[in-house]
Amino acid sequence: MVDNNSMMQRDLEVIWHPCTQMKDHETLPLIPVKSAKGIYLYDFDGNRYIDAVSSWWVNLFGHANERINKRIKSQLDTLEHVLLAGFTHEPAVELAHKLVEITPEKLKKVFYVDNGSSAIEAALKMSYHYHRNRGEERSLFLSLTNSYHGETLGALSVGDVSLYKETYEPLLIANRQVPVPKDQSEAAANEALDILHDVLEEEGEKIAALIVEPLVQGAGGMHMYHPRYLQGARKMTEAYGVHLIADEIMTGFGRTGKMFACEHAEISPDFMALSKGLTGGYLPLSVVMTTDEVYSTFYCDYNEYKAFLHSHSYTGNPLACCAALESLSIFETDNILEENEQKSLYIAEKLKQFKMLDNVASVRQQGMVAAVELKGYAPEERVGLQVYRYGLQNGVLLRPLGNVIYFMPPYVIEYAQIDVMMSVAYRAIEALMSQKGE
Ligand SMILES: *Cc1c(COP(=O)(O)O)cnc(C)c1O
């Protein structure tokens with residue numbers, strides 16, 4: 001009989017897992033998931049877990065969602081995949097129109113890619129190439145401290161999570177960092193804007209683009225800042241001919257309370273990267289959206305050699321595009337953003353109790369993302385790992401980022417399930433204190 005242990009052993013013989021020191025699995029069980037439905041994951045031993053992290057921030061409407069399943073199944077018998085160079089297909093066309101309709105107004109063109117990091121690579125290359133096509137050599141990128149944009153070399157270059165980046169430093173492209181606002185206040189945003197202004201003044205003509213995760217820096221520990229920063233950054237970058245790249249890979253599709261985080265600041269970036277929630281968490285797909293202005297800089301006779309010749313095999317896969325179309329349709333028919341507003345208020349209420357705990361430094365929230373930051377623990381103590389273990393033993397998949405425990409559940413989570421998710425996290429944090437004998 002297949003059980004968790006036998007599946008784990010068979011896995012460890014051959015699979016090298018992402019973001020993992022594999023030796024940890026000598027003591028930390030790997031959870032083989034047999035099936036999933038709604039917000040629950042089921043393992044081979046019959047345990048179930050609330051997916052409080054939406055399977056790495058991708059799932060929006062639950063696992064095995066009936067509507068998305070149906071749409072993909074019907075597409076499967078029609079057209080599973082075809083190349084997107086020289087050919088096109090209905091799901092890619094319809095999805096691109098839909099995305100142009102719902103994203104900030106200046107974004108008019110959709111370049112299909114197939115995962116988040118690749119979308120960032122494409123955006124960086126497009127930005128550099130745009131300037132080059134106009135006869136300007138701008139090979140420096142600007143990014144925020146504590147940012148995360150993916151793991152491929154270009155994306156890693158503009159990120160700032162040292163755990164992922166440090167080793168590869170000699171391989172990276174030129175990047176300069178400016179401080180992210182230190183908290184959610186408007187004053188902090190203004191302080192950070194002053195520094196951005198100085199850097200643009202100093203090196204503006206060498207910089208191709210400023211890349212940001214709007215409002216919430218995900219992998220950097222759910223760090224949040226005021227929309228004022230985005231407004232200021234938009235104005236300044238425009239003034240210096242520098243592109244603004246909005247990496248909405250995590251924040252897009254309702255996570256921050258609006259469809260896109262840029263809407264909180266009412267800005268339109270030059271590039272927007274979308275992935276993760278794009279397909280409702282079903283299939284790998286991403287896009288880089290840009291303006292007619294950028295697009296037109298590449299549009300000329302072939303022999304002028306200005307075309308963007310970037311490509312990936314699975315670009316614009318029809319099954320993935322259909323999952324995205326159905327997911328976007330659920331937003332409309334089920335009034336998801338309005339429903340989420342109520343759920344966010346409920347989460348905010350529940351979050352208050354965490355502030356009373358002595359080992360909690362702060363709590364923060366932006367829409368459907370909530371975080372509790374712990375204090376008084378060294379990285380070597382790996383308290384996040386302890387919370388992770390406690391969560392699994394109690395039926396909740398929490399996956400802390402260092403000392404930050406966060407909640408990013410699928411939108412279909414019910415109120416009673418929010419209670420369970422947050423009370424298990426609360427008890428996990430309490431348990432840390434009793435272990436320390438505080
Ligand atoms: C996850 C993420 C990425 C990278 O996406 P992948 O599909 O994992 O390569 C880039 N930027 C942000 C903000 C992300 O959260």
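The model is predicted: local features need pLDDT of at least 70, side-chain atom pairs count only at pLDDT 80 or more, and totals for chains, interfaces and linings use all residues. Residues are numbered from 1 along each chain as its sequence is written, and side-chain values use heavy atoms, without hydrogens and water.

**View 1. Helix H13, end to end.** Helices are DSSP runs of H or I with at least four residues, strands are E runs of at least two, and both are numbered from the N terminus.

**View 2. The buried side of H13.** Ile-336, Asn-340, Lys-343, Ser-344, Ile-347 and Leu-351 are buried (under 20% relative accessible area; exposed is over 50%, partly exposed in between; 1.4 Å probe, protein chains only). Down the helix axis, these residues fall within an arc of 110°, so they line one face of H13. The arc is that of the directions from the axis to the C-beta atoms.

**View 3. The opposite face of H13.** Glu-338, Glu-341 and Leu-345 are exposed here, turned away from the buried side.

View 4. The chain has 15 helices and 16 strands. Of its 438 residues, 53% count as buried. The C-alpha atoms fill a box of roughly 65 × 55 × 45 Å along the principal axes.
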